[in-house]
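Hello,

Here is the structure I said I would pass on. My notes on it follow below.

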Amino acid sequence: MATNVLDTAAPTGAVRRPPWRSPHGEPAYARPVLLVLVVLAAVLFAWGIDRSTYHTFYASAVRSMTQSWKAFFYGSFDPGNSITLDKLPGFLWPQALSARIFGFHPWSVTLPQVLEGVASLLVLYRLVRRWAGVHAALIAGAAFLVTPVAIGLFRTSVEDPMFTLCLLLAAEATQRAARDGRLRPLVMAGVWIGVGFQAKMLEAWVVLPALALVHLLSAPLPLRRRLAHLGVSALVMTAVSASWMVAVTLTPAQNRPYVDGTTNNSAFSMVVGYNFLTRFSSLGIDAASTGSVSSQFGGGGHGGAGTYDGHRDLGTGGAQGAGAARDPRGSTGAGAAAAEPTAAGAGARSQAAGGPGGGQDGWGKMFDTALASQTGWFYPIAAIAAVCGLLWSRGRPRTDRLRAGYVLWSTWLALYFLVFSAGSVAGHTYYMGVIAVPLAALTGAGTVLMWRAHRAGGPRAWALPGAVAATAVWAAYLAGQFPSFVPWLPPTVAVLGLAGLALLFVARPGRPRAGGRLALAGLAACLAALLIAPSAWAVQVFAPSYRTNVMGSVGPNGVPRSHGTTGPGAARLGRTAWAGEGGFGRGISGGTRGMSRDGSGARGGFGGGFGGTATGGGLSAAQNRLLAYTRAHQGSAAYVFATTGWSSAAPYILAAGAHVLPIGGFSGRVPFPTEDRFQQLVATGKVRYVLLSGGRGTSLTAGGTRTAADGTRKPGGAIGTPPAGTGQTAAAQITGWVRATCARVPASAYGGTDVAAGGSSLPGLAGAMASTEVLYRCGPAQ
């Protein structure tokens, strides 16, 4: 009998399953719930993306990277490829590609982080489902999604979104390698760690002990082969991690940008010294031999590199650019004292005023109210889950998958917890995204593990009620630290927790008429008690008054009752002044306000201060006239003008892609260009105009004195910095030479009004700008 091979009724292979239907062996509701979580993640991460703001320092580099592939590869801050960022550029590559495709807008720069956030949620779900089952994965996904720092993280244009995704992908590959005993997935894990290194440098290597332990303890291979596989993976990881640094090192210095953050133009110095060792100065670690600019002059890093006596000298020619005065408490200008509290301000307040954990630069910072309210809602249940998971899995086979998972997440959490406790955070809430991942995973798996133990009865049955009670008490305490934000939240957490515990007690095994439905109701109430408080923080992104926070904070605009003075969180806080914004006079993302170049806190001051966020993207009328004038008279010069500090250059780069030469790098202390090199640029006609701050913005010295917190004068460029004995920085030397040698351009030449030095007839923003910035013409034809 003939068979029709084209018979449509005949099976032709596996039947495709609709994406909303759960795979075989999973509950029917599993996939729909996952899809709901994914949709919620996309909405939370992308809500208001059209109103997102620039992270000024990084966005300037993105704009430059869209103009040439050379700038793209090196991560040049300026379109002229004179100096790089003080970070590896890998995390900006997706942002620059998005800006090349969709155009340079705040939303196009933020879009890659939204996609990285959704991908992170899916990878976390996949990891936990393979390890502890679908219910644990769903709970973990929900816990991750309501953690405030996870929401804020994937709405910001910083390093950690890409870094977090890469670590999750590395863990997923390691899990497959340990399960199957295959080399290829382990090599891929090394690749993902290397890619994560391009985003966050040596912080990507912190997770290596956790991944190595999982493979060594659980891979179904002889020990020799396990070690050999780890060795191959380590070689691949090292090669990928060092690829950019090696490429920069092998490129002649004259053919590439100067490496920011260093005194020796070395990519290795920037990674090892400036961005790693200086973060642990509180432990007595000295990076003086690494070529790190922060070890030479103090300051320089991002919220912690080069902190002295608990205060950070941000510099007046670079980090602040505008020369905003910084008082000993960590506030900037008179206006900071009256700053309107924001989530980021709360994140930085502990640095100035302390708190339960001793502030964000102490060993107890992870329990400080400001950080814990963004990250640590699940501390108790995650810790109990880790202990129970490891203890209860004793005696299992070496290759047991459940124990391997607890080893992975417990070690991951412990390592980063220790690193952040020892190092400096200084308001960078988004650092904590890598902590939120293991907390969510342990919460999901631990809830399922302890639920099963509870239903089985015996002494272990008390683990779940204990974990829920501890977590609910902790959540009520954290919520209670913000009494003006949802006052009913702490009692609601308490009521839900008590109701859940009561139902679990009534329905516990061994009691008459113990019902499964009653127990499930108790579990649901317990989960609600755990999730409701962080959810109240997370949904603040929907508030009409919410603005994307450059530090990754999400939550109430209120001061925790344990905190006092409001201070800026880090060197990148603030806002560059754009047309129509009125400078720093308004409440801004980041917790700093009221700052002007003279430190008076006057409204209308020219922006750029701490340079964290910027909206709009247009120049003011005064800025446009100045740019038009310098472009019209640029001639064959390579740069429209040079200026002291990245924050003075950023508006022109962001708005117009102008080739502006920033002097001194991010900190203002980088010896690029040197005075001799700058004079050569002028002599050869590559630089014709220089825009200088008219106030204190460029008088950086390595020696000198500063006022300490106790009111005494101390030597050095930063509080507690010993005298370097090297005199002024290159930026200060160049400033002195320009003022002594070059001709001042009358303000009337570019639409202003010539007035006495230090004053201006222009109103508002333009007036403050004109009174603090002076244009000079240099060169033979000046």
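Which residues have the most contacts inside the largest nonpolar core? They are Trp409, Trp412, Tyr416, Ile435, Phe678 and Val738, in a core of 197 residues. Helix H19 (residues 433–456) gives the largest share of this core, 14 residues. Please keep in mind that the model is predicted. Leaving aside residues up to four places away in sequence, Tyr416 touches Phe163, Leu167, Glu203, Ala204, Val206, Val207, Val434 and Ile435.

Next, the strands. S3 (residues 641–644) and S4 run parallel and are joined by 4 bridges; Phe641 has Val660 as its bridge partner in S4. Strand S4 (residues 660–663) is covered on both faces, with Val660 and Pro662 buried on one side and Leu661 and Ile663 buried on the other. In the loop between S4 and helix H25 (675–683) lies Pro673, which a cis peptide bond joins to Phe672, with omega at about -15°.

Two residues other than glycine have a positive phi. Met201, with phi near 60°, sits in the loop between helix H9 (183–200) and helix H10 (208–218). Its relative accessible area is 4%, so Met201 is buried. Val486, with phi near 45°, is in the loop between helix H20 (463–480) and helix H21 (489–506). Val486 also counts as buried, at 19% relative accessibility, because the cut-off is under 20%.

On the surface, Val39, Val43, Trp47, Val539 and Phe542 form a nonpolar patch with about 410 Å² of accessible area together. Phe542 belongs to the loop between helix H22 (516–538) and strand S2 (613–614), and is partly exposed at 33% relative accessible area.

Regards

How values were computed. Residues are numbered from 1 along each chain as its sequence is written. This is a predicted model: local features need pLDDT of at least 70, side-chain atom pairs count only at pLDDT 80 or more; totals for chains, interfaces and linings use all residues. Side-chain values use heavy atoms; hydrogens and water are left out. Patches are made of residues with over 30% relative accessible area and no salt bridge: like charges are joined within 9 Å, nonpolar side chains (Val, Leu, Ile, Met, Phe, Trp, Tyr) within 5 Å. Accessible areas come from the Shrake-Rupley method with a 1.4 Å probe; for residues, only the protein chains shown count as cover. A salt bridge is a side-chain nitrogen of Lys or Arg within 4 Å of a carboxyl oxygen of Asp or Glu. Buried means under 20% relative accessible area, exposed over 50%, partly exposed in between (1.4 Å probe, protein chains only). A nonpolar core is a set of buried Ala, Val, Leu, Ile, Met, Phe, Trp, Tyr and Cys residues joined through side-chain atoms within 4.5 Å. Contact means heavy atoms within 4.5 Å. Two strands pair if DSSP finds at least two bridges between them.
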